[in-house]
Amino acid sequence: MSASNGRTRRSAAAVGLTAATLAVGLTGCAAEPDPDTVTVLNSATDTAEHEANQDFFDRCAEPLGLRVEQISVPADQVASKALRMASSDSLTDILELDGSELPQFAETDGLRPIGEVGVETEGLSDSSISLGSFEDTQYGVARSVNSLALIYNTELLAEAGLEPPTTWDELRSAAAELTGGDTYGMAFSASPDADGVYQFLPFFWSAGGDESRLAEGGGGASALALWKELVDSGSTSRSVVNWNQQDVNDQFVSGRAAMMINGPWQVPVLDAQDDVDWAVASIPVPEEGVDPLPPIGGTVMTVPKNDDRERERNAGRVLDCLNSRENQLAWGERVNNVPTRAEAAATYREQNPKLAPFADLVETARSRTAVVGTRWPVVGDALAGAFQSVLTGRSSPEDALRNAQRQAGEDG
Amino acid sequence: MSRTTERSRARSPRVRALYRWLFVLPALLYMLAFFGYPLVRNVLMSFQEFTPRTYFTGEAPFNGLENWRAVFDDPLLKDAFWQTMVFTVGSLVGQFTLGMALAVFFSRRFRLSGPVRAVLLLPWLVPMVVSAVVWRRIMDEDHGVLNSFLETVGLSSDGVPWLSSPSVALLSVILVNVWIGIPFNMVILYGGLQEIPEELYEAAALDGAGPWRTFWRITLPMLRPVVTVVLVLGFMSTVKILDLVLALTGGGPADSTQTLGTLTYQLSFLRLDFGQGAVVGNILIVISAVFAVLYLRANRADQGSGR
């Protein structure tokens, strides 16, 4: 009896010890922040990208006597990671978000207006200001921006004796003419996610589509009809409903697409291969004389509110330096994006004639969230539903848009 | 001396009860912290306006049935529900039949059966996302290996739109999931088969039972507990499918492969409406709970008949 009691007691002590260890393990997660360190949450998980970022951060922070520490997570996890950090009061001093995610963060009242932390916003392009703004207040600053253009196989177009198409009619005929054998004339992404929606917008907007009233006017329907026609005529693969922008680029690089819609972030891949000679042209518009209206993309750096105002100011100083003319230009060239300061953009345009169409396009480009703000994710889903159901033959363009409008709800 | 013995005797049942609880306590705390709390929290969340703002302010005002109404008003929920069911049943039937056939085949033990069995485990070892990327290429309509093969053997002249047609995509996703699930089914069922005493088969052979009859009358009944475990575990992991669908089709084309899993992901992590995401999460929990209860019942019935 006494022996068995002793054993139980010892085991009980072991249980207690385990519980104590657990308790110790659970506390002590939050480290005291170092006043001279500026922390950044971004999506630079790629080693080269991470190092390039660090390079620019160091360049700016060192003269200020500061250090920058990056926390990088995959792009689609930045928002949820930032939210988790916010709930434990451990949000970084600089938060780099995709432009389309900014309104949802700005709406929380958790971000400091960029003007209040001493970032010079004078001279930034209108489209980049719109990308970083919510309800007329600028919360984020973009060092450089991107957009979409028509990238074409110069060899195939020359063989067919074609110039890159500038209007939808020319696009239709050029795509048909370039189609043959293993090669489709045209490729774009129509995947049911952000990629597909991003690619649909230049067609939707330049035709007069309005994201706050999807079914109104004929613009949206004619854009859907164009996509449908390209697929039905065989000029574009039926698989586009399943292709993201990476897949589209793969098709182009392997010579299976003569033209594609894509962005400057594909340039490293395009440059790294010798099989396909390529060039960039503006995105075709419904008819001659109409301005192209592609979406503006890219990340914006924001400063979350902090009880310690000095930390906000430090973050602001680093941001201001990153957005100097020289640094914007150097960064833009590093990532093939267009700087957002007018003079920097002009220099960039001169020094990169091959990517010049992008520099022109970002001037007229529109922010996805400028009109619908925080409702963008819902509206984007509705648009994706529309082009997916049209391309798969499930509904007519008009029905699809009416459906999308219902789905987008409210005033949408 | 006799007084102390008396006292310790009087206290000992209570002390022993206390010790008993102390042993249960860690497990209980673990369950409460990692199962109870999230469950309750998820149910509560579905009645709250839980948005990015909540993370900054800590406020999540209750909004009654608003989230539930919004989710149930969306016609996509019904589609996602049925597609989840078709996906689950289709996957389980495919995985189980093929897994069982292979398990029976390999229990015959022939030369090289070991290495071949090991090779068949490969799909299980490959990360789901990698499998999905590979299968996306295999099932490509224009240049995929699958279509080239079908054309070569003359089964199809123009490519099957495996992932690009809404009427085929769900079937394609099921096929890939069957391929992924076969090893699990095969391994567990193979293990179960080894447990069946050889004498039963000898007796059946003496009584003149053919292979088909032996399978239905001996193998399957003896394997019943293992079968239940395989199917229930299979159900639990299949009904909440997310990664495979996201990587293969992203829920498309035209929402034809949306499941409850992808829907809750979309609502919570793309729209950042965690309240509505929780509603769909709760629906998934209820579905799983119903099957868990059925499983426990079946188990109890099994034990009852065994006594």
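**The core and the sheet**

Guide: Let's start inside: the largest nonpolar core has 126 residues, and those with the most contacts inside it are Val318(A) and Phe387(A). A nonpolar core here is a set of buried Ala, Val, Leu, Ile, Met, Phe, Trp, Tyr and Cys residues joined through C-beta atoms within 7 Å. As for "buried", that takes 20 or more other C-beta atoms within 10 Å of the residue's own, while 12 or fewer makes it exposed and anything in between partly exposed, with C-beta atoms placed from the backbone. Helix H16 of chain A, residues 376–391, gives this core its largest share, nine residues. Helices (H or I, at least four residues) and strands (E, at least two) are DSSP runs, numbered from the N terminus.

Keep in mind that this is a predicted model: local features need pLDDT of at least 70, side-chain atom pairs count only at pLDDT 80 or more, and totals for chains, interfaces and linings use all residues. Residues are numbered from 1 along each chain as its sequence is written, and chains are lettered from A and ligands numbered from 1 in the order in which they are written.

Back to Phe387(A): leaving aside residues up to four places away in sequence, Phe387(A) touches Ala190(A), Gly196(A), Phe200(A), Leu224(A) and Trp227(A). Contact means C-beta atoms, placed from the backbone, within 7 Å. There is also a second, separate core of 30 residues, and Leu189(B), Phe235(B), Ile241(B) and Val245(B) are among them.

Now the sheet. Four strands of chain A make an open sheet in the order E10-E11-E9-E12, with mixed pairing; two strands pair if DSSP finds at least two bridges between them. At the edges sit E10 (184–187) and E12 (278–281) of chain A, each pairing on one side only. From one strand to the next, the twist averages 20°. Inside the sheet, E9 (residues 149–153) and E11 (residues 257–262) of chain A run antiparallel and are joined by four bridges; Leu150(A) has Ile261(A) as its bridge partner in E11(A). Helix H7 (residues 168–178) of chain A lies across E10 and E11 of chain A, at about 130° to E10(A). Axes are lines fitted to C-alpha atoms, for helices over the stretch in contact, and angles run from 0 to 180 degrees between N-to-C directions.

Stepping back, chain A has 17 helices and 14 strands, and 50% of its 412 residues count as buried. Among chain A contacts between residues at least 6 apart in sequence, 73% join residues at least 24 apart.

Methods
Two residues are in contact if their C-beta atoms, placed from the backbone, lie within 7 Å.
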